[in-house]
Amino acid sequence: MSNESATIVQKLWNFCNVLRDDGVSYGDYVEQLTYLLFLKLADEQTKPPHNKPSAIPTGLDWESLLKESGAELETQYVKILRELSNASGLLGVIFRKSQNRIQTPANLQRLIHLINAENWSGMTTDIKGTIYEGLLQKNAEDTKSGAGQYFTPRPLIKAMVAVMHPEPGQTICDPACGTGGFFLAAHDYISENYGSTMTRDEKEFLRFKTFAGTDIVDNVVRLCVMNLYLHGIGGTESPITTADSLSRDTGDRYDMVLTNPPFGNRSSITITADGSKRNNASLTYERDDFWATTSNKQFNFLQHIKTILKTDGRAAVVLPDNVLFERGAGETIRQQLLKQFDVHTLLRLPTGIFYAQGVKANVLFFDKRPASEEPWTQKLWIYDLRTDKRFTLKTNPLTDTDLQDFITVYNPKNRYERAETDRFRAFTYEELTQREHANLDIFWLKDDSLKDAADLPAPDVLAAEITKNLEFALAQFQDIQAALDNND
């Protein structure tokens with residue numbers, strides 16, 4: 001982040017501490033900033049040198065806020081939020097279900113003046129986008145807010161995009177898009193690697209047609225849309241929709257899927273693959289395109305992703321460890337995925353890199369292939385970035401350098417020409433399917449750092465890992481109970 005961007009982020013964030021005394025949380029603050037920034041940007045676009053027609057109806061614009069103070073300012077702000085929430089297109093997405101969280105008019109006026117002091121349109125999209133991304137990261141760092149679940153470490157996203165090497169003209173989907181990190185990294189990658197040779201049509205496609213995303217949380221969609229908008233992605237229509245991706249197959253197909261679906265073993269909704277009804281039909285989605293019936297969100301996202309890929313489409317998906325070894329529906333899904341798709345790479349991630357403590361996760365890379373009698377997976381290459389690796393969010397965060405070796409051995413230019421290393425090994429289809437329950441939870445390195453008790457992870461990390469294991473065990477018993485109930 002440049003000094004200019006960092007200064008503005010700090011200035012805006014310092015005022016957040018004032019608002020906390022007024023009962024405004026970090027998440028609420030970023031939400032209010034989103035509304036006000038959009039109004040300010042729209043106002044700037046109507047002035048020289050842009051001189052564009054206003055995207056905001058007269059009387060609901062930035063100027064109408066600057067004219068008011070005290071109770072009248074609060075009344076005007078509430079009116080703007082209420083009326084713009086019913087707008088169509090991008091406006092409607094940004095202001096959907098919007099509410100005023102700043103109850104003291106003097107604080108609202110000060111925030112408006114802070115935003116008004118900057119010429120946002122005069123900044124490059126890089127600076128505007130960096131400022132907003134910095135605010136989102138600040139929000140994610142507040143672990144109590146829960147916003148960290150929507151924030152995938154940026155070095156990991158960059159590495160995933162680097163090995164997937166998206167190209168101009170390809171469509172990219174994230175069915176659990178959060179604040180849009182994968183879209184921004186893919187946009188930057190295409191711009192940096194192909195920008196000088198892209199045609200006008202390819203540049204238009206990159207801005208307006210490349211990306212499609214969904215998230216189930218209104219406020220997260222709002223933040224994502226604003227994030228993209230400030231980075232110069234999208235137009236008057238939003239590329240992001242508020243919906244449950246798992247509820248149905250929309251029929252849309254994509255060249256690439258980059259995603260980190262939400263963590264958690266179980267959902268209140270079971271998705272059936274066989275057309276059968278469960279005890280509570282209102283909590284059941286029917287998906288005849290799925291291989292197995294389960295309430296496990298990660299398995300259902302995995303099945304959804306295999307559907308929305310085009311033939312020869314490619315996916316990189318962050319998944320927790322249990323997806324690699326869970327039995328029942330998990331075994332069925334792994335076997336089908338190995339057979340019908342080319343599941344070629346697995347990155348075992350270290351702990352300590354996510355805002356949620358104790359998360360054990362991986363990135364699974366696979367390609368969709370045409371129907372075939374023979375299994376498409378020939379070799380699964382596994383890179384172990386977990387053994388002997390210790391990361392923390394503050395004192396030893398994951399960096400781009402930590403993932404450089406993985407990018408190198410992945411060999412994005414030709415992944416069929418790879419060589420084994422200490423951390424990178426290949427396992428054949430036969431070896432994988434002969435493992436009990438098609439278990440892909442594979443390690444071969446010894447963790448030498450754990451020889452001394454003093455080298456054990458911090459107590460809070462150990463406690464979080466124990467909690468995760470207990471939650472998983474409970475989920476297994478609940479699945480068994482549900483199966484018994486449905487057989488009654």
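Analyst: Arg-369 is buried, with a relative accessible area of 17%. Bear in mind that this is a predicted model.

User: Which residue does Arg-369 meet in a salt bridge at 3.0 Å?

Analyst: Asp-312. The two side chains meet at 3.0 Å, N to O. Asp-312 sits in strand β7 (residues 309–320), and Arg-369 is in the loop between β9 (361–368) and β10 (379–384), so the pair ties together parts that are 57 residues apart in sequence.

User: Is Asp-312 buried or partly exposed?

Analyst: Partly exposed, at 47% relative accessibility.

User: Which residues join Asp-312 and Arg-369 in one network?

Analyst: Asp-342, Asp-367 and Arg-415.

User: How many salt bridges does the structure hold?

Analyst: There are 22. One of them joins the side chains of Asp-28 and Arg-101, at 3.9 Å from N to O. Asp-28 is in helix α2 (residues 26–45) and Arg-101 is in the loop between α5 (89–94) and α6 (105–116), so this pair ties together parts 73 residues apart in sequence.

User: Give me one more pair.

Analyst: Take Lys-47 and Glu-63. Their side chains form a salt bridge of 3.3 Å, N to O. Lys-47 is in the loop between α2 and α3 (62–66), while Glu-63 is in helix α3, and the two are 16 residues apart. Lys-47 is partly exposed at 33% relative accessibility. Glu-63 is partly exposed as well, at 31%.

User: Staying with α3, what's up with Ser-64?

Analyst: Ser-64 has its place in helix α3. It is buried, with a relative accessible area of 10%.

User: Which side chain makes a polar contact of 2.9 Å with Ser-64?

Analyst: Gln-76, through its side chain. A polar atom of the Ser-64 side chain also lies 2.5 Å from the backbone oxygen of Asp-61. Leaving aside neighbours within four places in sequence, Ser-64 is in contact with Gly-59, Gln-76 and Ile-80.

User: New topic: strands. Why is β2 described as largely enclosed?

Analyst: Strand β2 (residues 211–215) has 5 of its 5 residues buried, so the rest of the structure largely encloses it. Phe-211, Gly-213 and Asp-215 point one way, and Ala-212 and Thr-214 point the other way. All of these are buried.

User: Which strands does β2 pair with?

Analyst: Strand β1 (residues 172–174) joins β2 through 3 bridges, and the two run parallel. Ile-172 has Phe-211 as its bridge partner in β2. Strand β3 (residues 240–242) also joins β2 through 3 bridges, again parallel. There, Gly-213 stands opposite Ile-240.

User: Through which helix does the chain cross from β2 to β3?

Analyst: Through helix α11 (residues 218–230). This β-α-β crossover is right-handed.

User: Now α8. How many of its residues are buried?

Analyst: Helix α8 (residues 154–164) has 10 of its 11 residues buried, so call the helix mostly covered. Among the buried ones are Arg-154, Pro-155, Leu-156 and Ile-157.

User: What happens just after α8?

Analyst: His-165 takes a positive phi of about 35° there.

User: What does Thr-152 touch?

Analyst: Not counting residues up to four places away in sequence, Thr-152 touches Ile-157, Phe-182, Asn-260 and Phe-354. With Asn-260 there is a side-chain polar contact of 3.0 Å. Ile-157 is one of the buried residues of α8.

How values were computed: Residues numbered from 1 in each chain as written. Predicted model: local features only at pLDDT ≥ 70, side-chain atom pairs only at ≥ 80, totals over all residues. Heavy atoms only, no water. Buried < 20%, exposed > 50% of the residue type's maximum accessible area, 1.4 Å probe, protein only. Helix = DSSP H or I, 4+ residues; strand = E, 2+ residues; numbered from the N terminus. Salt bridge = Lys/Arg side-chain N within 4 Å of Asp/Glu carboxyl O. Pairing = 2+ DSSP bridges. Right-handed = clockwise from strand over helix to strand, strands pointing away. Polar contact = N/O pair within 3.5 Å; in protein donor to acceptor, adjacent residues only side chain to side chain. Contact = heavy atoms within 4.5 Å.
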